[in-house]
Amino acid sequence: MRHHSGRANRTWLIILGILFLAAGVAAVLIAAGTLERLIGGSPGRSDRVLSGGQGLLSGEYAPWGMLLAGVILGILGLWWLLAQIPRARAAGTFRLQEDPAHGVTVCDPQVLASAVSHETEQLPGVVGSTVRLRGTADEPDLAMKVTVNSDADVQGVIARIQQEVVPHLVSALEVPLNTFGLEIDASSKAGAPGGGATVSSRGTVVY
Amino acid sequence: MNPKVPPPVSMRRRPSRSVPATISAVLMLAVGVGLVWAAVVRLVQGSWPVFVTEPLRWLAETGWDSTRGWTGAVVLLLIGLVLLLCGMIPGDFSALPLRAKPVNMPGMPGAGESGGVPSVRGGETVVMSRRAVARLAASTCDHIDGVASASATASSRKVHLDVTTALHGTSDVQHWVVDGVRSRLAATGLDPVPEVTASVRTRD
């Protein structure tokens, strides 16, 4: 239901992986002496990993270079860290006017989402629901997560959501949904009455 | 479609690799803060802090073909390989697709005499989480005669059940369990129906 930064994560992991792998391959080639044989003037296997390290630090612009590198690296790290927070991508206020000269009707999508959630939770076998409306009033996207009792008729619940709940929302918005996503989860909790709740076998049967 | 509106969130997604990404991001942030700190110390006090000079001294004393040099190279290779695999291996889907028929709505603008217009213009995605499939499968087993307890795990293609029974012969129970769960998953609308396997053991 929420947007995760999967694509960005994979891209950055692949970039970092290639960089580390390239550094590792270069180090192996140098340590084996292969690089020295292939490319003249490159470090040899008997050389030190860092020759003239103190010279690097004694340069006039070394602290400024390090400061710049640190800021860039820190900003990238912070951005990547913040990107891990899942985004709801909820819709802004829906504006339902044909012609603004004749007035503007606004609707909080949260109100519609609550109504959809409430109606869904009345369906037999439904334990709970989370509803998010995205997009705009003209192109609304509906995403729902519905938890049903594990003994419920899942196809029945889906059919009633499609045939009752969604049409009611579409009627309210007066436009068909752009996309509709429904995720079904299951729970051992009892759902709304009529949805396959377990009945105790103890009792008296009266004919 | 309005280009400013982000595309709808996928209901059936692969792992977002947030654990390796978070670890890498924290390390990048830590290195960045360390570099800024070192630079500020150098600019204010006129000398580099120890955590900069010591690693450089260590690297200046280490040869490429030494044990430490080879170890460093292998560590770099391994880190690179792990990060690359984390990024490239797609991982299993978080949910399984469910069958759902599109619904037409009469009375909407443009319906005409065609019996209505679709209530959803674009894509309609109905899925069931892997956890839900596992719970459904385990719950189905609880209704099968002879099953004492059952637990299930589900991937996007396979459901495996661990069943305990009070019966000494387990082959019948295994047959009933696999058939029962497969029928239930098919009736639930999973499309395609995942392969169902079961391990049945007799309760001591």
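At what angle do α1(A) and helix α1 (residues 18–45) of chain B pack, and how far apart are their axes? I get about 60°, with the axes 10 Å apart. For the record, axes are lines fitted to C-alpha atoms, for helices over the stretch in contact, and angles run from 0 to 180 degrees between N-to-C directions. Helices (H or I, at least four residues) and strands (E, at least two) are DSSP runs, numbered from the N terminus.

Ground rules before going on: this is a predicted model, where local features need pLDDT of at least 70, side-chain atom pairs count only at pLDDT 80 or more, and totals for chains, interfaces and linings use all residues. Residues are numbered from 1 along each chain as its sequence is written, chains are lettered from A and ligands numbered from 1 in the order in which they are written, and side-chain values use heavy atoms, with hydrogens and water left out.

**α1(A) with α1(B)**

I put this pair down as oblique, because angles under 35 degrees count as roughly parallel, over 145 as roughly antiparallel, 65 to 115 as roughly perpendicular and the rest as oblique. The crossing of α1(A) and α1(B) is left-handed (the near helix is turned anticlockwise from the far one by less than a right angle; clockwise would be right-handed). From α1(A), the contact (heavy atoms within 4.5 Å) uses A:N9, A:L13 and A:L16, and α1(B) brings B:S18, B:P20, B:A21, B:S24 and B:M28. I sorted the residues of this contact by class: five nonpolar, three polar and no charged. Ala, Val, Leu, Ile, Met, Phe, Trp, Tyr, Cys and Pro count as nonpolar, Asp, Glu, Lys and Arg as charged, and the others, Gly among them, as polar.

**α1(A) with α3(B)**

Next I looked at α1 (residues 6–32) of chain A against helix α3 (residues 67–88) of chain B: the axes come within 7 Å and cross at roughly 155°. The two helices are therefore roughly antiparallel to each other. This crossing is left-handed too. In the contact of α1(A) with α3(B) I find 22 nonpolar residues, four polar and one charged.

**α1(A) with α4(A)**

Within chain A, α1(A) and helix α4 (residues 62–82) have axes that come within 11 Å and cross at roughly 140°. I noted a left-handed crossing here as well. On the α1(A) side are A:N9, A:W12, A:L13 and A:L16, meeting A:L76, A:W79 and A:W80 of α4(A). That contact splits into six nonpolar residues, one polar and no charged.

**Interface totals**

Chains A and B bury about 7,400 Å² between them, 69% of it on carbon and sulfur atoms. Buried area here is the accessible area (1.4 Å probe) that two parts lose on being put together, summed over both. In chain A, A:R10, A:L13 and A:V49 lose the most area to chain B, together 9% of what that side buries. I count 86 residues from chain A and 85 from chain B in the contact.

**Salt bridges**

The rule (a side-chain nitrogen of Lys or Arg within 4 Å of a carboxyl oxygen of Asp or Glu) gives six salt bridges over all chains, and one across the interface of chain A and chain B. A:D185 pairs with B:R131, closest N and O atoms 2.4 Å apart. A:R160 pairs with A:E164 at 3.0 Å; these two are four residues apart in helix α6 of chain A, so about one helical turn separates them.

Most residues other than glycine have a negative phi, and most peptide bonds are trans. I flagged A:E174, not a glycine, for a positive phi of about 65°; A:E174 sits in the loop between α6 (154–173) and β5 (179–187) of chain A. I also flagged the B:D191 to B:P192 peptide bond, which is cis with omega near 5°. B:P192 lies in the loop between α5 (171–188) and β7 (195–202) of chain B.
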